[in-house]
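Have a go at each task before you read its solution.

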Amino acid sequence: MIKYSYKILLIFTIFLQSCWGDKGAPNYEYMPNMYKSLSYEAYSENQIFEDELSARLPVEGTIPRGYSLYEYEDTNEGYDLAKKELSNPFSFVQKDILKAKELYTVHCGICHGAKGAGQGILVKREKILGVPSYADPGRAITSGSTYHVIYYGRNSMGSYANQLNEKERWMVTSYVMKLKSDLSK
Amino acid sequence: MDSKVFSLKITIKLFKKLTKLNSLKSYAFYLIFITSFVSNSYGQEGDPVAGKALFNTNCASCHKLDRKMTGPALRYVEKRLAEDEGLEREWLYKWIRNSSSLIKSGDPYAVKIYEEYNKAAMTAYPQLTNTDIDNILAYTAQDKAVPKPTAVASNLAVGPSNGIGLSDEIILGVFTLLFLLLSIALVVVTKTLKTLAELKGVKPKEKKKTKPIWKAYLENQFLMLCTAILFLLVSAYGFYGWTMQVGVNQGYMPVQPIHYSHKIHSGDNKIDCNYCHSSARVSKHSGIPSLNICMNCHKSIYEYNGETTEEYTKEFYDAEIQKLYKAVGWDDEAQEYTGVTYPVKWVRIHNLPDFAYFNHSQHVNVAGIECQTCHGPVEEMEIMYQHSPLTMGWCINCHRETNVKIKDNEYYDRIHVELSKKYGVEELTAAQMGGLECGKCHY
């Protein structure tokens, strides 16, 4: 009898200890049907669509509410046109400029550097090369061309249109122009 | 051309000086100096070191030495152009200063290469002097450095998972040895004592036959009761603990389809969390970056050159970057998208049950809480795992302890004054603002 109870104790403790061994798989849940969402979550799979993604792009030919159309094309001609005639439709106050600096540091500073001289941390570590200074005379950037480049990207620089909305893009653009004029001083 | 004339002048000057010199050492020095000027193969009259700096700042975004990027590979470009197309350095000066005017002027090779690269425009560099361009060409004329065989990582350079260092092992060995010696000594001593006792005629006592201990135990009712109670209490406690961890995924660390390392991106390369998780400041979700964001950098970063360990080698990391290319459909040879994509199925780690509502912008943007407060030392994680329990107790505790950030937030001006009067405090916690109401998180 006593031999038995030892064994029972042993099994019981093992049962208690083996809470959740494999950290590579999720733990078990009480009532999964109350945990899982019935409606589609942002990143869930979805059998309705062919590519099985719940995250969808806007239907072609439509724009989401609060967005506006950007009419310049992603070509050299579009770039030249934007460079010539596009200008900032917003006017910013001091608070926006602080915010712009923050956005710039997060999204552009890693390559272009805090001062815009093309010496961000990724450049210093030689991970990404050929980042120009904003004051580069050969490029002679304007606020129109900067906005265009943020929107579409250019050569090896990517587009930032999905990380920054329209107002934020113009905020960053005006901050870039401020850096440019500081650099050329 | 004028730089050649210039170097000739210097050479003559040096010869004049040389006749005056008699120190052998400086003679040798000048000799080297002169030969470096006089020898005249492609791109030799320039400073490759200065050229490298210029190349990296101006050209490297579109050109690599040995790979096609936006523009052609540039190693031995001058030699190639001279031998294949019969173009002089003058042409290169013109091209680099302003390629588009050269194309417009109808220069046949310029038009040809422009068409070949799908009319991608090369930036104009009017600011580069001839010497600058000579330096760049000198850099492109250098032979490719043969990669040194990388030093094999020694046994000492083990990863962080392996805690026992060499000194620890030595100490352990010494202790084991000591222990062994002691036990041997003990055995020897008891043996001699026994033989001594036998010699003297002392007999060890006979053991009396007693009840075995378990029988005595079984017969003792009180002891049995105590054990039973103890046993029940312990198992009840264990059972409670076990039920409380059901559904808590603290430490959950799934294998992701691409071995994406936060340590390398946010730790070593200091990329801000918001660069990728850019929706954290404006929405409920932080979001996993779509692959085009990865390509903002990985169009240029096609291989890994950072620190490696025995477990994670350069080959391993390079293969992971190739996986990324396959997923977005990027053909690295041709430098263009193929259009065939395979969406990456990242395994979601942090996930609250459907009946609880959590919003990132409320915490990150309004309350100004660092990501690391909730997600732990992400910038040190080679593999992402869940740092916090994400239980209701955890949320509530923090709401009790954390003050709301009222600075720069007009929204709180009135409510803050009124509530702090009500509670008689200076600073309000999130709980006093209503962060404990069930309906804020469950609806």
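**Exercise 1. Find which side chains meet in a salt bridge between Arg281(B) and its partner, and say where the two residues sit.**

Solution. Start with the pair: the side chain of Arg281(B) meets that of Glu168(A) in a salt bridge, at 2.8 Å from N to O. Keep in mind that this is a predicted model. To call it a salt bridge, check the cut-off: the nitrogen has to lie within 4 Å of the carboxyl oxygen. Next, count: a search of the whole structure turns up 15 salt bridges over all chains. Our pair crosses between chains, with Arg281(B) in the loop between helix 13 (273-276) and helix 14 (291-298) of chain B, and Glu168(A) in helix 8 (residues 166-183) of chain A. Between chain A and chain B, the count is two salt bridges.

**Exercise 2. Describe the interface of chain A and chain B.**

Solution. Step one is who touches whom: 54 residues of chain A are in contact with 63 residues of chain B. Step two is area: the two chains bury about 5000 Å² between them, and 55% of that is on carbon and sulfur atoms. On the chain A side, Tyr43(A), Asn155(A) and Ser156(A) lose the most area to chain B, together 11% of what that side buries. Step three is polar contacts: eleven residue pairs make them across this interface, both residues at pLDDT 80 or more. Now look at what chain A brings along: helix 1 (2-17), helix 2 (32-35), helix 4 (94-107) and helix 6 (121-124) of chain A each give two or more residues to the side that touches chain B. Sort that side of chain A by residue type and you get 28 nonpolar, 14 polar and twelve charged.

**Exercise 3. How do helix 3 and helix 8 of chain B pack?**

Solution. Helix 3 (residues 48-59) and helix 8 (residues 130-140) of chain B pack at about 95°, their axes 7 Å apart. Angles of 65 to 115 degrees count as roughly perpendicular, so that is what helix 3 of chain B is to helix 8 of chain B. Residues that meet here include Leu54(B) and Phe55(B) from helix 3, and Ile136(B) and Tyr139(B) from helix 8. This contact divides into eight nonpolar, three polar and two charged residues.

**Exercise 4. Now do it for helix 5 and helix 8 of chain B.**

Solution. Helix 5 (residues 89-97) of chain B packs on helix 8 of chain B at about 105°, with the axes 11 Å apart. These two helices are therefore roughly perpendicular to each other. Among the residues that meet are Leu92(B) and Tyr93(B) in helix 5, and Ile133(B) and Leu137(B) in helix 8. By type, the contact has five nonpolar, one polar and three charged residues.

Definitions and conventions: Residues are numbered from 1 along each chain as its sequence is written. Chains are lettered from A and ligands numbered from 1 in the order in which they are written. This is a predicted model: local features need pLDDT of at least 70, side-chain atom pairs count only at pLDDT 80 or more; totals for chains, interfaces and linings use all residues. Side-chain values use heavy atoms; hydrogens and water are left out. Contact means heavy atoms within 4.5 Å. Buried area is the accessible area (1.4 Å probe) that two parts lose on being put together, summed over both. A polar contact is a pair of N or O atoms within 3.5 Å; within protein, one must be able to donate a hydrogen and the other to accept it, and residues adjacent in sequence count only if both atoms are side-chain atoms. Helices (H or I, at least four residues) and strands (E, at least two) are DSSP runs, numbered from the N terminus. Ala, Val, Leu, Ile, Met, Phe, Trp, Tyr, Cys and Pro count as nonpolar, Asp, Glu, Lys and Arg as charged, and the others, Gly among them, as polar. Axes are lines fitted to C-alpha atoms, for helices over the stretch in contact, and angles run from 0 to 180 degrees between N-to-C directions. Angles under 35 degrees count as roughly parallel, over 145 as roughly antiparallel, 65 to 115 as roughly perpendicular and the rest as oblique.
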